[in-house]
Amino acid sequence: MAANGEIKVGSAAGRNGLPKIQTARQNGICHDDSGPTVKAQTIDELHSLQKKKSAPNTPIKGAQAAFATMCEEDRQKQQLQSISASLASLTRETGPKVVKGDPARKSETPRQVSHVSHHHYFTPTIDVSDSALKFTHVLYNLSPAELYEQAIKNEHGSFISSSGALATLSGAKTGRGSPNIEMDEHTFMVNRERAVDYLNSLDKVFVNDQFLNWDPNNQIKVRIVSARAYHSLFMHNMCIRPTPEELENFGTPDFTIYNAGQFPCNRYTHYMTSSTSVDLNLGRREMVILGTQYAGEMKKGLFSVMHYLMPKRQILSLHSGCNMGRDGDVALFFGLSGTGKTTLSTDHNRFLIGDDEHCWGEDGVSNIEGGCYAKCIDLSKEKEPDIWNAIKFGTVLENVVFDEHTREVDYTEKTVTGNALVITLLILKCTCFLLDITENTRAAYPIEYIPNAKIPCVGPHPKNVILLACDAFGVLPPVSKLNLAQTMYHFISGYTALVAGTEDGIKEPQATFSACFGAAFIMLHPTKYAAMLAAKMQKHGATGWLVNTGWSGGSYGSGSRIKLAYTRKIIDAIHSGSLLNGNYRKTEVFGLEIPIEVEGVPSEILDPVNTWSNKKAYKETLLKLAGLFKNNFEVFVNHKIGKDGKLTEEILGAGPVF
C-alpha cells in the first residue's frame, strides 16, 4: 500500500505483451486507470455512455458492407419493420407496432441513441396497425447474460446452477403422441393465426436472427420468435451466431419459427388430436409451435427443413456426429438417442466438427448447428470430461434436479423426465414418423465450449462412417466391419433398442428402427438418402462400421453394458486405421465381419456368443432380433437404390440369413 492509501495491483506488461489492467482504489472507489476516465453524474448517464457489445462473436464469413451508408436509425427501423412483417397475422397483415427493448426499462431516463449498441432500447416510429392487440416489445438477439436476467426474473422454474448454467424446465409431458400427418393450408393458417396473435398479445417477445450450416455457400437464415428467454437462449446456443456486421446485413429470413408453446392449439380445429401441435409449412417457409415448451422442437424442426432443402442441392443431410483427427481424417457417427453419438464424437484427441446434424457436399462436411445438445443422464466428469466442463455460464440445463442450497446438480436423478408429446403436421406429402423424447435431461451449449472444437465447423470428406446401435438384446458384436451393401442395409434400418426404464410400459428390450437414424426428420424417401450416402462413400473411399454400445453376455437384465472405455478403444482403432487391416472372421445369421483382436479390449467379448453362458438362449435371441430386422425391412424391398438395380440386390442380400 502506498503512503496515500492507494493500492496498486499488477505491472505495466501482461501476458503476450498486452498491457495489464491497473486496479487502483482512491477514496474507497475502485476504477480501471488503463483507459480514459468516464464522466457521469447519474447511473442513467453512465449506462448511456457504456458501449454494450451483446452480439456473439463466432466468426462465419467476412463482414459485408451492403448497408454501410445507412444511418443507425434507418437501419434499426428497417430491422424492426422486418420483424413486424414476421409478426403479421393473416387478418392483420401489418402486424403490431413492435418496439425494441425491455418494457421493464421504459420508465428509465431515455438513452442517447448514438452511444447505445445497435440492438438495444431504440424505439423508431412504425405505422400503427389495425390490430387491437398490445404493442409488442422485441428483445432482439440478446446476449446470454441478458437472457439469464429475463429468465430469472420472469420464468418460473429458472435457476442458476453451481456451475453457472441456467437450469430450467421444458415442461415435459407424459404419454405418446400421434404420428405425423398431412394437413391442409387452411388448418395451418388457423394455427399460425393463433400462435402469432398470442405472441402479439405479450408485453415482449424474443427474436433471434441466426444461421444454419457452416458452409457459407449453402447457409440458411432463420428467425425464431419466442415467448420465453429459455427458448431464445437455447436457440442462441444451437444455431450459428452472427457477428454484428452480419446482423446489419441479415435482411429477410429464409425460414421463420413462431414458438407459442405456452399457448395450446384448439382441439376442435380440423386435424388436431390434442392441445399440442408442431406445424411445418415448407411453402410458406414457416413453423408454428403450440402447446409444448420442449425447446428441442425448434432444433428438430429446422433439421427437417434442412433434410428437404439440402438434397435438392445435391447435398446429403445427415443425423450424425462428426469429428476430425490431427491428420485430417474425418469420421461420421450415426445413432439414435442414447447410443453414444454425442459422447463418442466428443473426443479430446480429435477436433469436434459437430455432435448431431451435418451436411456432406462437394467440398466435404459441414455442421448445420452452432452448438451441442448432450444427454445428461448419469453424466460424470470422469467419463465425459469435455461435456461436464461445457456445462457452465451460457449453457442451458433442462429438467435437472439440484440441491436447494448449493445448486449442485444430481445427474443420476431422473425425476423430471418423461415423454414429450410431439405432433408434427406437414403440409407436403412426406413419409415421416413420431419421435418420442425420453429421459429429457439435457444440456445445450455453444460448440466453442468444447476446447477442441473446429471453428469454422467444416472438414474434408469422411474416411469412416460409424453406425452406432445400443443393442439391449446383447447379440450384436461390439464392432463389425461392413461392406457397402451392409452399410446401406444398417443405415436404412437405423436400429437401436429401448430398455426398461427409458419409456413407460417397457419391461424387456424393444427393438426400434428409425430409417437413416432419423426417420422423424427426413422429408424424402429413406432410399434417396441411402443412395446419396452410397455414392459419396464409393467416390471418397469411406469404410462402414457397426458399433454396439449396448449389452454383452446376455440381454438387458441379465448381461451387462459394454464398458465405455472398451468402446473408446474400438473407436480409436478405427480412427488410427489399425482395425481396417486386422484379421476378421464372419458371424452366423447377420454375416458380420468381426475382428480377432482390438488393442485394449478383451478378445473374448468381440464375439458375443463367447460372453453368454446359456448358448441356446443366445441363439434364440439372435434369431429373434434377425426376424425383427427382416420384418422391418419388408417396406423397402420394392424400392430401387441408385441408378441401377445391382446395389439394391446387394443391399437386400446384406440382411440376416436364417
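How are H10 and H11 oriented to each other, roughly parallel or roughly antiparallel? The legends below describe close-up views of a predicted model.

**View 1. Crossing of helices H10 and H11.** The axes of H10 (residues 484-493) and H11 (residues 526-540) come within 10 Å and cross at roughly 150 degrees. Angles over 145 degrees count as roughly antiparallel, and H10 and H11 are therefore roughly antiparallel to each other. H10 contributes Leu 484, Thr 487, Met 488, Phe 491 and Ile 492 to the contact, and H11 contributes Tyr 529, Ala 530, Leu 533, Ala 534, Met 537 and Gln 538. These residues comprise 9 nonpolar, 2 polar and no charged. The crossing of H10 past H11 is right-handed.

**View 2. Buried residues of helix H3.** In H3 (residues 144-154), Pro 144, Glu 146, Leu 147, Tyr 148, Gln 150 and Ala 151 are buried. Their packing partners are strands E4, E5, E6 and E8 together with helix H5.

**View 3. Salt bridge between Arg 228 and Glu 155.** The closest N and O atoms of this pair are 3.3 Å apart. Arg 228 lies in the loop between strand E9 and H5, whereas Glu 155 lies in the loop between H3 and E5, 73 residues apart. Both residues are buried.

**View 4. Salt bridge between Glu 357 and Lys 299.** The N to O distance is 3.2 Å. Glu 357 belongs to strand E16 and Lys 299 to helix H7, so the pair ties together parts 58 residues apart in sequence. Glu 357 counts as buried at 2% relative accessibility, and Lys 299 at 4%.

**View 5. Salt bridge between Lys 341 and Asp 356.** The closest N and O atoms are 2.4 Å apart. Lys 341 is in helix H8 and Asp 356 in the loop between strands E15 and E16.

How values were computed:
Residues numbered from 1 in each chain as written. Predicted model: local features only at pLDDT ≥ 70, side-chain atom pairs only at ≥ 80, totals over all residues. Heavy atoms only, no water. Axes fitted to C-alpha atoms, helices over the stretch in contact; angles between N-to-C directions. Helix = DSSP H or I, 4+ residues; strand = E, 2+ residues; numbered from the N terminus. Parallel < 35°, antiparallel > 145°, perpendicular 65-115°, else oblique. Left-handed = near helix turned anticlockwise from the far one by under 90°. Contact = heavy atoms within 4.5 Å. Nonpolar A, V, L, I, M, F, W, Y, C, P; charged D, E, K, R; others polar. Buried < 20%, exposed > 50% of the residue type's maximum accessible area, 1.4 Å probe, protein only. Salt bridge = Lys/Arg side-chain N within 4 Å of Asp/Glu carboxyl O.
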